[in-house]
Amino acid sequence: MELHIENISHSYGKLDVLKDINLIIKEKEIVCIVGPSGCGKSTLLRLLGGLEKATKGRIMQVGEPSSASLNPLTYIFQDFALLPWKNVYDNIALVLEHHNLSKNEIDEIIKDVLKRTKLSDFEKALPKQLSGGMKQRVAIARALSVKPSVLLMDEPLSALDSQTRELLLEDLISLWEKENFTAVYVTHNLNEAVRLGHKIVVLGNRPGKIQKIIEINIPLNERKNHIVELEEKQKILWNMMKEEALNADKEMLNV
Amino acid sequence: MSEKKEVEFRAKGFVYKKIPFLGAFAFIVLIILLEIGTRYNYISDLTLPRPSGVFAAFIELYDSGLLFEHLIPSFTRLFVGSCLGIFLGIIIGILIALFNTLRASFLPLISALFPVPKIALLPLFVIWFGIDEGSKYALIALGTFTPTVIATYAAVDNVDRNLIRMGQSFGLSWMSIVKNIILPGSLPGILSGIRISLAIGIILLVAAEMLGASYGIGAYVLEAGSLYDLERLFVGVTILSSIGVFLSYLVGLLEKQLLSWRN
């Protein structure tokens, strides 16, 4: 299944947030969206999964999601969004309950995703007992449990410290190597973008417009060995964003 | 090399520390001081009753068998009235928070009712529900109802919106979101609302019993007060205070049980 963004513009009252966005998210491709703060990248992600309605333009689903998919468009949130009153197992069970699965099927799915995210020993733990990195792994496990066609990730690593972030980034890369999922990954961290993105979309200052799309053709698992090229790309991206970021700051001052 | 000096520790104080038994100790010291004061006439009998006298009055009340004659009707009124008020309050509070039309139509009404001293409405309730138990139940129910509604709808409003978005993004039904996200998320606020409602319930219980009851802690206190019998007055006040502390303890237990996922 592909996602097509067609002529999207969005505004909150008089404030234009996004303007004339056109983009195609192909299957098995990770698209990273970067841009200065307030450029509307998270808004774009909410539009993509139907959590908000665009003032103009449409988001189109092209092709059928795989029949196994329970929730084709699935989010991973920056703040994890785990229910603090449910343990790890029940947090995942909650999103499976309404799909007419038997108790055994649900149990099988949960055991499987917990194994894939290396959380099998923490089934009964409450979120408060887990570190930030583990909480986000639970959220990833929950997202995987509904077999998404497209993962929509909203700064999933931003709330974590840099070591945890690095570990989880590697987890995401190896997960993609195994499962080749489609993803839209919003981040303000350019390093994450060049490590994870097949395509990097740079949004400009508000109202956010696509400034440039950069493609990186190095396979994800080999990127570790091409640090120089990646740094080059990151520098290009930073130069492009620096001016926008400065302008964004000035705009804040003028408000 | 210049002089060597240890860096001074400056983060003193402003730290909450639990000191066990000091509360009970302070209470006992106060009682002993009062006892000594009244016994040796530092404090006149007319100013404050002697603690041992209050205790003797309590024993007398117990021996006469009247203690339960007063306690049981009071407990029944408080129980029936506040259960009714809190139960309805939680339901209406949740409905008001969930449905915009209900919120728009009923919230102004409840906000207007909230600051009215409910005791002023007792004559009305006597006309509606009779001079007996009905009017007392109604008074306590109304008094606990309004704070519960307001605490409940505020608690529902305060449930993390991101968790609700999460539920929607996974395609959960409206019912499932209410049951799994909104209700458990608003429970802490609802429970602290119940705590306040129960305290208000005790105040109204006494007020109702003072205005028309032959039995009940309120009636007992009123009778003692009109005779300026300070010992018995203090017995009544102590019983009321104990009921309050006991109910607050029960809510605390409930919180420990239901909100173990916090902290």
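1. Two residues are in contact here if their C-beta atoms, placed from the backbone, lie within 7 Å. On that basis, among contacts in chain A between residues at least 6 apart in sequence, 74% join residues at least 24 apart. The structure under review is a predicted model.

2. On confidence, the predictor assigns the complex an ipTM of 0.89 and a pTM of 0.85. The mean pLDDT of chain A is 90, with 98% of its residues at 70 or more. Chain B averages 92, and 100% of its residues score at least 70. Within chain A, the lowest confidence falls in helix α7 (residues 227-254), whose mean is 81, while the highest falls in helix α2 (residues 88-96), at 96.

3. As to overall architecture, chain A contains seven helices and nine strands. Its radius of gyration is 19 Å, close to the 18 Å that the globule rule gives for 255 residues, so chain A is as compact as a globular protein of that length. The C-alpha trace of chain A spans about 55 × 40 × 35 Å along its principal axes. Of the 255 residues of this chain, 40% count as buried.

4. The domain assignment divides chain A into domain 1, made of residues 1-65 and 157-255, and domain 2, made of residues 80-148. Taken over C-alpha atoms, the centres of the two domains of chain A are separated by 26 Å.

5. The largest nonpolar core has 116 residues, and C32(A) and V184(A) touch the most other members. The largest share of this core, 13 residues, is supplied by helix α6 (residues 133-157) of chain B. Both domain 1 and domain 2 of chain A also give residues to the core, so it lies between them. As background, nonpolar side chains in soluble globular proteins tend to be buried together.

6. Which residues does V184(A) contact, leaving aside its neighbours within four places in sequence? Its partners are I25(A), V31(A), I33(A), L45(A), L48(A), V150(A), L152(A) and M153(A). Two of these partners, L45(A) and L48(A), are also listed among the buried residues of helix α1 of chain A.

7. Helix α1 of chain A covers residues 41-48 and is mostly covered, seven of its eight residues being buried. The buried set consists of K41(A), T43(A), L44(A), L45(A), R46(A), L47(A) and L48(A). Just after this helix, G50(A) takes a positive phi of about 80°.

8. N100(A) has a positive phi near 55° although it is a residue other than glycine, and its place is in the loop between α2 and α3 (103-116). With 8 other C-beta atoms within 10 Å, N100(A) is exposed, because 12 or fewer is the cut-off for that class. N180(A), likewise not a glycine, has a positive phi of about 50°. N180(A) lies in the loop between α5 (162-179) and β7 (182-186) of chain A, and is exposed, with 11 other C-beta atoms within 10 Å.

9. Where does M240(A) lie? M240(A) is part of helix α7 of chain A, the helix in which the confidence of that chain is lowest. M240(A) has 18 C-beta neighbours inside 10 Å and therefore counts as partly exposed. Not counting residues up to four places away in sequence, M240(A) touches V202(A), Q211(A) and K212(A). Between M240(A) and Q78(A) there are 162 residues of sequence separation and a C-alpha to C-alpha distance of 25 Å.

10. At the interface, 15 residues of chain B are in contact with 17 residues of chain A. On the chain B side, the elements that give two or more residues are α7 (161-169) and α8 (174-211) of chain B. Helix α7 of chain B provides the largest share, six residues. By residue type, the chain B side divides into seven nonpolar, seven polar and one charged.

11. One further residue of chain B may be noted. L46(B) lies in the loop between α1 (22-39) and α2 (51-63) of chain B. Because L46(B) has 8 C-beta neighbours inside 10 Å, it counts as exposed. The C-alpha atoms of L46(B) and G212(B) are separated by 28 Å, the two residues being 166 apart along the chain.

Definitions and conventions:
Residues are numbered from 1 along each chain as its sequence is written. Chains are lettered from A and ligands numbered from 1 in the order in which they are written. Domain bounds come from an automatic or database domain assignment. Helices (H or I, at least four residues) and strands (E, at least two) are DSSP runs, numbered from the N terminus. The radius of gyration is taken over C-alpha atoms; the globule rule is 2.2 Å times the number of residues to the power 0.38. A residue is buried if 20 or more other C-beta atoms lie within 10 Å of its own, exposed if 12 or fewer, and partly exposed in between; C-beta atoms are placed from the backbone. Ala, Val, Leu, Ile, Met, Phe, Trp, Tyr, Cys and Pro count as nonpolar, Asp, Glu, Lys and Arg as charged, and the others, Gly among them, as polar. A nonpolar core is a set of buried Ala, Val, Leu, Ile, Met, Phe, Trp, Tyr and Cys residues joined through C-beta atoms within 7 Å. pLDDT is the predictor's confidence in each residue, from 0 to 100.
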